[in-house]
Amino acid sequence: MAAALTDRYIGAVTKSLAPAAQEDVRTELEASIGDAVEARVEQGESREDAERAVVTDLGDPAALAAGYADRPLHLIGPTYYLTWWRLLKLLLWIVPACAMVGVAIANGIADKPIGEIIGQVAVVGIGTIVHVAFWTTLVFFILERTGADAGTTWTVDDLPEPQESGAGRGDLIASLVFLGLAAGALLWDRFVGFVLFASDSVDVGVGLGSQTSSMPILNPDLWPWWITATMVLIGAEALLAIAVYARRGWNSALAVLNTVLAIVFAAGAVHLVVTGQLVNPEFLAVTLYRDDVPSDVGQILSVLLVVVIVGIGIWDIIDGWIKTRRAQRGAR
C-alpha cells in the first residue's frame, strides 16, 4: 500500500513536467521520500503511517510540480502587480468616464428621453469597466507567463512630488480672484453686455449707416432672482475658501458643504439650459437662428454645455473629497 501511495504521488507530480525532466524529478522524489520514511520508521512509526505522513507533508503534487517547472501559481505576481494596479486605476478613472460622456452627448443630440440616456450611460459604463479590467489583467497575465520585461524597475525618480493640500495662501488668493472675476463678469454682462453687434439702418446724419451696440449673453430675465442666487453661491464659495485656509486644510464638514454648493449650482445651471432660460434670445437670434447655421447646432451646443456643467460639478466634488482624505492621512 505504501509503495503504491509513493508511486501515485510521484506520478501526479511528474505528469505535467517536460519529458526531459520527469526522470530526474522521479529519482529525486523517490530518494527523498524513502529517506524521510526510513527516519520515521526508526523513530517507531509503522511504514504505512510514515509513508502517508511524508507524502502529506509534501503537499499538493500540482504545487510541487509548479515549483519544479518554475511555473507561477498566481494570476499576477509581485513583479507586475503594482504596475498592473496603478495602470488599472488610471484606466478606470479615464476610459469609462469618456465612454459614458460620449454616449450621453450622442443620445442628447439625438434627443432621446432622459430615462433612456441614463440607462444607456449606465450600461456602457458597466461594460467599459468590465472590459478595461479584463483586458488589462489579460495583458499582465501574458507578461507574467512569458517572463517578458515590462521595464517596471523602481527608481528614486518614481517618487511622487509633494501634493498640494489646497489650503495655502496662494490657493486662497487664486480662489478669491477667480470668484471675484466670475461675479464681475455676471454684473458686466447684465448691465453692459459682452457681445458687440452692428445695428443697421441708423441715421448718422447723412443717409443711413450702422451703429455698434452691445447685448448680454445671459438672459436678462435671470435678473434679479437667478443672478442674486448665483451671487450668493459665489459668496458661499468664497467663505468656504477662507474657512479652508483658516483651518489649514479640509475636513469632512467642508467637503460636504463643497458638495452641496456644487450640486446646487450644477442643478440650477442645467435646469436653465434644459428649459432654454439661460441664454439671451436676442444673442441666439444673432448667432444661431440664421439661415446659414444648421438647425441642430443649438441643440448640440446645449448638450455640450450640460456635459461641461455636470463635469465641472463632479470634478469639484471629487477634488474636495480627495483633499479631505489627504488632510486626514496627514493628521495621523
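T136 counts as buried because its relative accessibility is 10%, where buried means under 20% relative accessible area, exposed over 50% and partly exposed in between, with a 1.4 Å probe and protein chains only. This is a predicted model in which local features need pLDDT of at least 70 and side-chain atom pairs count only at pLDDT 80 or more, while totals for chains, interfaces and linings use all residues. Residues are numbered from 1 along each chain as its sequence is written, and side-chain values use heavy atoms, with hydrogens and water left out.

T136 sits in helix α6; helices are DSSP runs of H or I with at least four residues, numbered from the N terminus. Its side chain reaches the backbone oxygen of V132 at 2.7 Å. Apart from neighbours within four places in sequence, T136 is in contact with W84, L87, L88 and L91, contact meaning heavy atoms within 4.5 Å.

F134 also belongs to helix α6, which covers residues 114-146. F134 counts as partly exposed because its relative accessibility is 47%. Between F134 and L88 there are 9.9 Å in space, C-alpha to C-alpha, and the two are 46 residues apart in sequence.

The structure holds 1 cavity of 30 Å³ or more, a cavity being a set of points on a 1 Å grid over the protein atoms alone where a 1.4 Å probe fits but cannot get out. Among the residues that line the largest cavity are L186, W223 and I227; lining residues have an atom within 4 Å of a point. Helix α7 (residues 169-191) gives the most to this lining, with 3 residues.

Methods. 1 Å grid on protein atoms, 1.4 Å probe; cavity = no way out; pocket = protein on both sides within 12 Å on 5 of 7 lines; lining within 4 Å. Points joined across faces, edges and corners; volume = space filled by probe spheres on them. Helix = DSSP H or I, 4+ residues; strand = E, 2+ residues; numbered from the N terminus. Polar contact = N/O pair within 3.5 Å; in protein donor to acceptor, adjacent residues only side chain to side chain.
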